[in-house]
Amino acid sequence: MSAGLFFRAMFKFLIGAAVIGLLIFLPAGTIYFWKAWLLMGILFVPMFFAGIFMMFKNPELLKKRLNANEKEPEQRLVILLSGVMFVLGFVSAGLDFRFHWIELPDWVSFAAAGVFALSYLLYAEVLRENTYLSRTVEVQENQKVIDTGLYGIVRHPMYGVTVFLFLSMPLVLGSIISFAFFLMYPFIIAKRIRNEEKVLEEELEGYAEYKKRVKHKMIPFLW
């Protein structure tokens, strides 16, 4: 385990938790927002232990997941749009709680937390299947096409899982207004996939044949 990788991972983890906490609790005007604490718990506790696991078992994968330096101009736009979505979504959830605009029942938060937890498990399975998963769109040295497990059903299972993850978060917070902002995500990720597939077809051997075998990008039998 590299000390530099450890401190880099911990720094990004703490910064991420602090930023999301501030985006929610400051607009809420209070820390007594239990749905926000529920989200913080189901988001960051598994993330912490997953990071520790990768640090010892697969530090190269962790290093890839920490790298967010996109080379593709289209992907930089995707990151910008995603950032805007998160800011608007979390801030609106805090304001929704503060001013009681539209209150969803508590059972919605618990049900959404269950969906989030299940999606997290699927996300972990995708990471286990594909050790080439980087946060940036690139073809790595000696990279091969992965076509087993979830990759035998759809070509981008990770993005499919993140749709459930991100759309469940505003519902955990109990905010339908926040949910409306997070509905931007499927359109944002569709733009990312279009550019990513172009890069993979041009640079990854066997990807064009894989596309012929696995017809759907993210949703089985639909898209």
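On a 1 Å grid over the protein atoms alone, a pocket is taken as an open set of points where a 1.4 Å probe fits, with protein on both sides within 12 Å along at least five of seven lines, and its lining residues have an atom within 4 Å of a point. The structure is a predicted model, in which local features need pLDDT of at least 70 and side-chain atom pairs count only at pLDDT 80 or more, whereas totals for linings use all residues. Residues are numbered from 1 along each chain as its sequence is written, and side-chain values use heavy atoms, without hydrogens and water.

The second largest pocket has a volume of about 410 Å³, a volume being the space filled by probe spheres set on grid points that are joined across faces, edges and corners. Of its 19 lining residues, G160, V161, F164, M218 and P220 are the closest to the centre. Two or more lining residues come from each of α5 (106-129), α6 and α8 (185-203), helices being DSSP runs of H or I with at least four residues, numbered from the N terminus. The largest share of this lining, six residues, is contributed by α6.

Helix α6 (residues 157-172) has 16 residues and should therefore span 22 Å at 1.5 Å a residue, which agrees with the 23 Å between its end C-alpha atoms; the expected span is 1.5 Å times one less than the number of residues. Of these 16 residues, 14 are buried (under 20% relative accessible area, 1.4 Å probe, protein chains only). G174, which follows α6, has a positive phi, near 75°.

Definitions and conventions: Buried means under 20% relative accessible area, exposed over 50%, partly exposed in between (1.4 Å probe, protein chains only).
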